[in-house]
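Subject: Handover of a structure for your review

Dear colleague,

Please find the structure below, handed over for your own work. My notes on what was found in it follow directly after.

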Amino acid sequence: MPESATSIPLILATLASATAFVLATQRLCDPQRSGHLLIMRLLLGAVTVICAAVFAARVAWVHQAWLPVQAHVDGLLLIAALLAPAVLYVQAKPKLFGLSLFALPLLTLILLWGVCASLWTYRPFRLDSFEPAWVVFHTSATYLGLLMCGLGAAGGAMYLFVQSRVKAKTGFDQVNPMASLETLETLIIRTATLGFVLLTLSLASGLIIVTQSHELTSLGKAWWVSPKVWLAGSAWVVYALLINVRSSSLFRGRRAAWLAIAGLVLVLATYGAVEAIGDEPLHAESAGTEGGN
Amino acid sequence: MRLLMLGFNHRTAPLELREALAFDSDSAAAAIAELRSEHPACECVLLSTCNRTELYLARPIHDPPTIEQLRGFVAGRTGVAIETVESASIHREQEQAAAHLFRVSAGLDSMVLGEPQVLGQVKRAYESANDQGAVGPVLHRLFQGAITAGKQARNQTGIDQGRTSVSSVAVAFARNIFDHFGDKIVLAIGAGEMIKAALAPLLREDPKSLLLVNRTHQRAIDLANALGLTGEGHGARPWDDLDTLLIEADIIVSCTAASEPIITAGRFKPLLKKRRGRPLFMLDLAVPRDLDPAIGALRNVYLYNLDDLQRAVKATEDDRRELVEQCEDLLSTHVARCMGEIRHRDVGRLIKQLRQRLHAMAEEEQGRTARKLAALNGESTEENVQSLIEQHNHRLVNKILHLPLSQLDRSDPDATLGFYAAALRRLFDLQDQADMAADESDPGS
């Protein structure tokens, strides 16, 4: 399967997602635009179908193995294929009105990232020396964790937006009220909890892969001082804090929202660090901590 | 009589100024008494609610007080600078004053279009002034007409149906913060009508607990009973528990008659830590305010006052424009009828006074002529009697015409000669041409 067969549908999906974002913005200004809602749903349906179809096609014709995520673009396709129907679900829930506006930029960004990962930075993971079961577990946990972190950050951004409106006393709409602060805080905590669990599993499985593949008895000094490890650890700590928001007065409200956004930034920075130091000795020593990507 | 209205409302004065200009029942009574002592011929009613302070006054046409004097009176009573009073006040006279009261009564001038509370407030202001003996025939007719029209406008147009009330707006704002109310504690401070009205939609949301506190505990108990708050977790609590309740509550609604904030930032800040960051929605419906505005700046505290609600409901008014127009039509009919009756009554009294005065003149002249007739004794020839009758008629006509003609002669800038001349022509059925002919036949006059 040539890469253009992945890139072109991804570009179309990116455009569809960006259009849906523009329509969602217009609908926020005028909630009565029912036509916009239908077009948005069609576009999101198209994004879901495109991403799922390309992902399935890559599994069937590119990888020809039961290991579905063998490159970064696969993981991004998986996230997009899950996030697009999640946004569709959010749009159908009046309780979460407005959240799609904050989730759609994330979807567009992921798809755009997928286009880059497919067209310019395509590089399959080094899976030959790893235990396939652990790799499937690790990559799935990593990308699903990223999805949760993304949703949490979208909830956090919306929390800040709604709170600024409530504080400014302009958030009055009896017909189409935006999601309440309580709902958004619950969303942040739930996605953070799932993200925390998945990130923990990802880190743990990464460690297992590293130690098993290199038959290490202890982690080297380079591993401990690696920015990748520190960033991943920081993200993990942020989500550990977030799941305890309700029991601690210190992190309630805006601080929880900022933590959710900071968590996503740290996770993305970890991915960046993985990309940046991928071929350095640390990686050779402990390749696979992040799935070898 | 001349009808005047001097007022300040939510459109002309910000909340802080309305607080300063507000009158409670005692100070309103004192103000009316003072005004009546200075101007005994005046009728007056003082309407003071959360959103407005309006003074309605009927006085003899050329008598004081003027609007400027009324502004000075309000400034003196409230301690607000006269310049501020002048810039924030509106004044209406005659039909416009009546139309304003009718609009207020129908809820068209309210912050929440068609809200029913204002009708009761108008009624109470009228009854209170009436108890003081400050209401005469003009304001009786005006206020009774306004109350009737207010009821009729609501019944016929349904302006009060589906309205965005203060309390429904409050619930909508609370929904921006809370997803559900089943686990929330609502605290109401005060036990008046506004609290009762504000709690009704909150009760429909079925909160976990609804607690009432009031300085007079018995009033809180009475309100709790009136609202049917007898279940577990609901009911009245002593005033001394207020600090504890401020920690427990998720929603606080306050509307008391206190002249100073009952919850200051200094009092509330130490309690905030004990709330462990839980969001708090506070609604201050009182004027003067019960809750220190500085509380609204605290973390996870969302404080709204009446002006905030006004901004929110204004947006919904556009949707009900048609109902407003129907109401306006109905009210204009009522205003015209009411003012017609007031004028008719005025003219009736005027005619009565005129008759009395003319009869008095006639009797005086009659007595004088009778004395002259008696003095004739044996000389009462037909000629003499005829002469006396002519003198009698001449004097009587001169006496009657003396005052109006002397008014015409005055070069008073306020007295428009043309107006008086037209009135005389109309009243005595005089024609312009006849005047001109008379002028020509008597050039020396």
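Leaving out residues up to four places away in sequence, A:Thr139 touches A:Val69 and A:Phe125. A:Thr139 belongs to helix α5 of chain A, which spans residues 132-167. Its relative accessibility is 4%, so A:Thr139 counts as buried. Please bear in mind that this is a predicted model.

Chain A as a whole has ten helices and zero strands. Of its 293 residues, 53% are buried. Among the contacts in chain A with a separation of 6 or more, 80% are between residues 24 or more positions apart. The accessible surface of chain A is about 12,600 Å², and carbon and sulfur atoms account for 70% of that surface.

Part of the surface of chain A forms a nonpolar patch. A:Ile8, A:Ile11, A:Leu12, A:Leu15, A:Leu119 and A:Trp120 make up this patch, which covers about 640 Å². Helix α1 of chain A (residues 4-29) gives the most to the patch, namely four residues. A:Leu119 lies in helix α4 of chain A, residues 99-119. With a relative accessible area of 43%, A:Leu119 is partly exposed.

Strand β3 (residues 52-59) of chain B is mostly covered, eight of its eight residues being buried. B:Arg52, B:Glu54, B:Tyr56 and B:Ala58 point one way from β3(B), while B:Thr53, B:Leu55, B:Leu57 and B:Arg59 point the other way; all are buried. Which strands pair with β3(B)? Strand β1 of chain B (residues 2-9) runs antiparallel to β3(B) and is joined to it by eight bridges. Within this pairing, B:Phe8 has B:Thr53 of β3(B) as its bridge partner. Strand β2 of chain B (residues 43-48) also pairs with β3(B) in the antiparallel sense, over six bridges. Here B:Val45 stands opposite B:Tyr56.

B:Ser105 is part of helix α5 of chain B, residues 94-106. Is B:Ser105 buried or exposed? Its relative accessibility is 0%, so B:Ser105 counts as buried. Apart from neighbours within four places in sequence, B:Ser105 is in contact with B:Val118, B:Leu119, B:Val122, B:Ala146, B:Ile147, B:Gly150 and B:Arg154. B:Lys151 is 46 residues from B:Ser105 along the chain, and the C-alpha atoms of the two are separated by 8.2 Å.

In helix α10 of chain B (residues 217-226), the buried residues are B:Ala220, B:Leu223 and B:Ala224. They cover an arc of only 100 degrees around the axis, and therefore lie on the same side of α10(B). After α10(B) comes B:Gly228, which has a positive phi near 75 degrees.

Finally, some backbone geometry in chain B may be of interest for your calculations. Most residues other than glycine have a negative phi, and most peptide bonds are trans. The following places depart from this pattern:

- B:Pro64 and B:Pro65 are joined by a cis peptide bond with omega of about 5 degrees. B:Pro65 is in the loop between β3 and α3 (67-78) of chain B.
- The peptide bond from B:Val287 to B:Pro288 is also cis, and its omega is near 0 degrees. B:Pro288 is found in the loop between β9 (280-284) and β10 (301-305) of chain B.
- B:Asp206, although not a glycine, has a positive phi of about 55 degrees. B:Asp206 sits in the loop between α9 and β6 of chain B, and with a relative accessible area of 57% it is exposed.
- B:Arg276 likewise has a positive phi, near 55 degrees, in a residue other than glycine. The loop between α12 (265-274) and β9 of chain B holds B:Arg276, which counts as partly exposed at 47% relative accessibility.

With kind regards

Technical notes. Residues are numbered from 1 along each chain as its sequence is written. Chains are lettered from A and ligands numbered from 1 in the order in which they are written. This is a predicted model: local features need pLDDT of at least 70, side-chain atom pairs count only at pLDDT 80 or more; totals for chains, interfaces and linings use all residues. Side-chain values use heavy atoms; hydrogens and water are left out. Helices (H or I, at least four residues) and strands (E, at least two) are DSSP runs, numbered from the N terminus. Buried means under 20% relative accessible area, exposed over 50%, partly exposed in between (1.4 Å probe, protein chains only). Contact means heavy atoms within 4.5 Å. The arc is that of the directions from the helix axis to the C-beta atoms. Patches are made of residues with over 30% relative accessible area and no salt bridge: like charges are joined within 9 Å, nonpolar side chains (Val, Leu, Ile, Met, Phe, Trp, Tyr) within 5 Å. Accessible areas come from the Shrake-Rupley method with a 1.4 Å probe; for residues, only the protein chains shown count as cover. A salt bridge is a side-chain nitrogen of Lys or Arg within 4 Å of a carboxyl oxygen of Asp or Glu. Two strands pair if DSSP finds at least two bridges between them.
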